[in-house]
Amino acid sequence: MTRKADWYQEGWEKCPGQGTGSLKERPNAAGSVPGRYAGLPSDGKITPDKLFGHLKTVTMHRMLVAQGCFQIGLYWQGLTHDLSKFSPVEFWNSVRYYQYGKQSPNNGERVAKGFSESWIHHKGHNMHHYEHWTDYNVEAAKRGEFPIRPVQMPRRYVAEMLMDRIAASKTYMKEHYTQHEPLKYYIRGKAGDLMHPQTAKELEGMLRILDVRGEAACFRYVKNYYLKGYPVVRRVTLSPEAAPMRRSSPT
Ligand SMILES: [Zn+2]
């Protein structure tokens with residue numbers, strides 16, 4: 001199994017509103033955008049403007065996600081979304097490598113250290129990130145294949161991931177936001193083999209409802225149908241970009 005870089009999902013979710021680059025950028029064949037993780041060099045110092053800038057970003061993002069989660073009945077998740085950003089490892093690294101609204105502080109941290117402790121902590125503590133849902137697959141290991149495989153996400157976390165993406169898209173696009181943006185971002189930043197194909201199908205299905213029918217209809221579907229455990233809408237056409245995920249999957 002090949003592993004593809006996933007610049008998009010991570011940059012987006014860790015960095016609400018800070019964007020993941022120009023809309024003119026297009027993924028290459030592997031689905032990644034060159035230079036996407038390249039943050040701005042930072043002196044790594046803690047300053048009041050970085051501190052308050054980061055605090056504001058996190059608070060605005062949490063409020064937007066909470067609004068969405070409340071509308072679909074996920075009250076606890078709405079209240080606790082991304083709370084680990086206040087843990088010391090995430091908070092202080094994000095302040096130190098704050099990118100002044102240009103992109104995720106994780107990218108600045110990567111420039112300085114080669115990896116982001118903040119992100120590694122974040123994905124480990126937040127179940128609305130599909131990167132959280134990977135595990136060693138015993139059957140794959142027996143076959144001698146690369147054993148780390150995606151695990152299907154429970155629906156309530158897929159729904160929270162949807163709200164996270166909508167919120168990030170709104171913050172990032174500001175007055176240019178439309179109901180079409182979250183799907184566009186998903187297609188551009190597909191998770192490849194790291195997201196379970198069923199999870200990808202469910203997420204893309206909801207994003208397509210949002211794209212075609214708007215937020216009210218989408219949220220009604222999520223609340224009254226998807227989160228009630230009904231079968232996922234069948235006729236969701238996977239985008240050509242997303243289709244290989246199904247083919248490469250064992251399910
Ligand atoms: Zn998160």
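Student: How much of the protein is buried?
Tutor: In this predicted model, buried residues account for 43% of the 251 residues in the protein.

Student: And what share of the contacts between residues at least 6 apart in sequence join residues at least 24 apart?
Tutor: That share is 71%, counted among contacts in the protein between residues at least 6 apart in sequence.

Student: OK, how many helices and strands are there?
Tutor: There are twelve helices and two strands, and along the sequence they are arranged as α-α-α-α-α-α-β-α-β-α-α-α-α-α.

Student: Let's look at a helix pair. At what angle do H9 and H10 pack?
Tutor: Helix H9, residues 181-188, packs against helix H10, residues 197-213, at an angle of about 145°, and their axes are 8 Å apart. The crossing of H9 past H10 is left-handed.

Student: Which residues make that contact?
Tutor: H9 contributes Pro182, Leu183 and Tyr186, while H10 contributes Leu203, Glu204, Leu207, Arg208, Leu210 and Asp211. By class, the residues of this contact comprise six nonpolar and three charged, with no polar ones.

Student: Switching to the backbone, what is phi of Asp82?
Tutor: Asp82 is not a glycine, yet its phi is positive, about 60°. Asp82 sits in the loop between helix H3 (75-80) and helix H4 (88-96).

Methods: Residues numbered from 1 in each chain as written. Predicted model: local features only at pLDDT ≥ 70, side-chain atom pairs only at ≥ 80, totals over all residues. Helix = DSSP H or I, 4+ residues; strand = E, 2+ residues; numbered from the N terminus. Buried ≥ 20, exposed ≤ 12 C-beta atoms within 10 Å, placed from the backbone. Contact = placed C-beta atoms within 7 Å. Axes fitted to C-alpha atoms, helices over the stretch in contact; angles between N-to-C directions. Left-handed = near helix turned anticlockwise from the far one by under 90°. Nonpolar A, V, L, I, M, F, W, Y, C, P; charged D, E, K, R; others polar.
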